[in-house]
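Trainee: I would like a close look at a single part of this model, followed by whatever else can be said about its packing. Please take it step by step.

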Amino acid sequence: TNYFEPKMLGQGGSVTIPSRKTMVKRLTAAGSKMGMYEYDGHSSDKNANGYIDYKTVPVYFIQLPHSTDDKVYQFSDNKFTPHFDSRVSNLVADNPALAEKIKSKNKEYFYAFVTEDKHQYNVWWNIVTEYNK
C-alpha cells in the first residue's frame, strides 16, 4: 500500500518542483526518525523529429532527523552537496557509527557532487535505514 503525505518540497535541488505543500509518497515507515519520499516530477526533451517528449521522472526527498516542519529536500540539494561527507555526517551525528561511515566516504554511504541517480538513491536508502534502526 502506498501512503501519501503533504510536504513542503525544498527548492535547492536540480529538478524544478512546486513551491507549495504537495502530496508525496512516503517510502519509509510512519513515524521514522528520518524519512524518504518520492514525487513524480516531469521532464521534456525535443526528440530528433522536433517533437517534445514528456516523461515522468521520480524525484526523491529526505526529511531531516529532528525536523519539526514538513519540509523535505532533494538529494541534489545544497544542504547535502558538495562536501556530502561532512554535511550529512553532521546531520546524523547522534548516530556515531553511521556518521563515521559517511565521513570515511564508505561507498555505500557516500556520493560525490555528480553521481548517477540510482547510486544516490541507494546511498540515502542505506543512511535512512540505518539511522531509523
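Predicted model: local features only at pLDDT ≥ 70, side-chain atom pairs only at ≥ 80, totals over all residues.

Mentor: E38 belongs to strand β3, which covers residues 35-46. Its relative accessible area is 17%, and because the limit for a buried residue is under 20%, E38 counts as buried. Leaving aside residues up to four places away in sequence, E38 touches V24, K25 and L27, and also P58, V59 and Y60. H66 is 28 residues from E38 along the chain, and the C-alpha atoms of the two are separated by 20 Å.

Y60 forms one aromatic cluster with Y73, F75, F80, F84, F110, Y111, Y121, W124 and W125. Over the whole structure, a search finds 9 aromatic pairs. A pair of aromatic rings is described by the distance of the centres and the angle of the planes. For F84 and F110 these values are 6.0 Å centre to centre and 75° between the planes, an edge-to-face pair. F84 lies in helix α1 and F110 in the loop between α2 and α3, so the pair, 26 residues apart, links distant parts of the chain. Both F84 and F110 are buried.

F84 also forms an edge-to-face pair with W124, at 5.6 Å centre to centre and with 75° between the planes. Here, too, distant parts of the chain are linked: W124 is in helix α3, 40 residues from F84 in helix α1. W124 is buried, as is F84.

Another member of the cluster, Y73, has a charge over its ring: the charged end of K79 sits there, 5.0 Å from the ring centre. Elsewhere, K33 lies over the face of Y131, at 5.1 Å from the centre of that ring.

F84 brings us to the helices. Two packed helices are described by the angle between their axes and the distance between the axes. Helix α1 spans residues 84-91 and helix α2 residues 96-103; their axes come within 8 Å and cross at roughly 175°. Angles over 145 degrees count as roughly antiparallel, which means that α1 is roughly antiparallel to α2. On the α1 side the contact is made by F84, D85, V88 and S89, and on the α2 side by A99, I102 and K103. Sorted by class, this contact has 4 nonpolar, 1 polar and 2 charged residues. F84 therefore takes part both in the contact of α1 with α2 and in the aromatic cluster.

Definitions and conventions
Residues numbered from 1 in each chain as written. Heavy atoms only, no water. Axes fitted to C-alpha atoms, helices over the stretch in contact; angles between N-to-C directions. Helix = DSSP H or I, 4+ residues; strand = E, 2+ residues; numbered from the N terminus. Parallel < 35°, antiparallel > 145°, perpendicular 65-115°, else oblique. Contact = heavy atoms within 4.5 Å. Nonpolar A, V, L, I, M, F, W, Y, C, P; charged D, E, K, R; others polar. Phe/Tyr/Trp six-rings, centres within 6.5 Å; stacked < 30°, edge-to-face > 60°. Buried < 20%, exposed > 50% of the residue type's maximum accessible area, 1.4 Å probe, protein only. Lys NZ or Arg CZ within 6 Å of the ring centre and 35° of its normal.
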